[in-house]
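Welcome, and thanks for taking a look. Please have the sequence and the model open side by side.

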Amino acid sequence: MADPTRPEFDILDSEGLEYHRWVSDVKTAFVAKEYSATLTDPKDPTDKGPSDNVKANALMFLRKHIDPSLRWEYLQLKTPKELWDALKGRFGNIHDTLLSELTVQWNEIRLLDYKRVNDFNKDMLRLKACLNFCGKDLTEDDMIQKTLSTFPTSTLILANQYRLEYDNKRITTFNKLINLLQVAKRHNEVLLNNNVRPVGTKKIPEANYGKMNSGKNPNARGVGRVDPYPRGNKAQRGKGRGSRGAGRGGSSKVWRRNDTIGPSSQENKVKNAPNNPPVKKERVGDEPCYRCGVAGHWYKNCHASAKVAASYKRYRESKE
């Protein structure tokens, strides 16, 4: 749902520079809302005119579409016609103020100052509309002559070609001239892109390009990819899993730990070494330990305390 407090078009600024545009928008909106009768006096004296409800809605619409400073200035006006006449008396002759400035803009506008033809076309149409509001009409010939006389010096040949077309009545409107300029601009961009590579060279295809695997190359890796350079003998390439360093023949003279093929023949097979080989335990006899007298370990592996070792030493010396 639309916000009732949001303006339906650009509001009238305090300087009234776009008063004529604002008047056109208000008249169009009043026709749609059936408020047009609130801006004129009734022709028949017996006609009461619009109701108070319609006048109040029209007044609120006008206040919503003017600058806040103007809203406060004309706050004492109670009918839409009074506000409409007050704004007309203040900004109705604004074109006399704008005409000198617009004339200067028209004299200074040049095609060579713009990088894009579309920007030049937009400013030319805006100037034409503003000058028409101020009472100075611009014809199609004026706009065409202005465009042809402001071409950059690097495009003199193109400018002379368009002038011949204009003299021969093949270019009759400003819009047609702008369309031709846009087409020429696009052609120049295509030519520049095509001349990026040196002369006599072809475009290098991508090294890894996708293509549907139709079963012609069973050695292709991945889904939907084939080798861009297939070999006639169906030998594997030098890169890839399981064929690293194989070369063109598909065989390798490099000995690998996990391969079953030896460096000289297929008879030399190497068994895979276990990852965690078992540690061999030393064989211990039934003789007692020389330090503590307990059997099951050697002297170097004895963990008995010094007190136990001293007691066993005195026992051994007493027996001797």
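## About the model

This is a predicted model, in which local features need pLDDT of at least 70 and side-chain atom pairs count only at pLDDT 80 or more, while totals for chains, interfaces and linings use all residues. Residues are numbered from 1 along each chain as its sequence is written, and side-chain values use heavy atoms, with hydrogens and water left out.

## Isoleucine 109

Let's start in the loop between helix H5 (94-108) and helix H6 (117-133), where isoleucine 109 lies. Helices here are DSSP runs of H or I with at least four residues, numbered from the N terminus. Isoleucine 109 is buried, at 7% relative accessibility (buried means under 20% relative accessible area and exposed over 50%, with partly exposed in between, for a 1.4 Å probe and protein chains only).

Leaving aside residues up to four places away in sequence, isoleucine 109 touches Tyr114, Phe120, Asp123, Met124, Leu127, Lys146 and Thr150; contact means heavy atoms within 4.5 Å.

## Cysteines

How many disulfides are there? The count is zero, taking a disulfide as a pair of cysteine sulfur atoms within 2.5 Å. The sulfur of cysteine 289 has its closest cysteine sulfur in cysteine 292, and at 3.9 Å that is too far for a bond. For cysteine 292, the nearest cysteine sulfur belongs to cysteine 302, 3.6 Å away.

Cysteine 289 is buried at 1% relative accessibility, and cysteine 292 is buried at 11%.

## Positive phi angles

Most residues other than glycine have a negative phi. Glutamate 34 has a positive phi near 65°, and lysine 169 has a positive phi of about 65°. Glutamate 34 sits in the loop between helix H1 (19-33) and helix H2 (52-64) and is exposed at 68%. Lysine 169 sits in the loop between helix H8 (156-167) and helix H9 (174-194) and is exposed at 67%.

Methods:
Helices (H or I, at least four residues) and strands (E, at least two) are DSSP runs, numbered from the N terminus.
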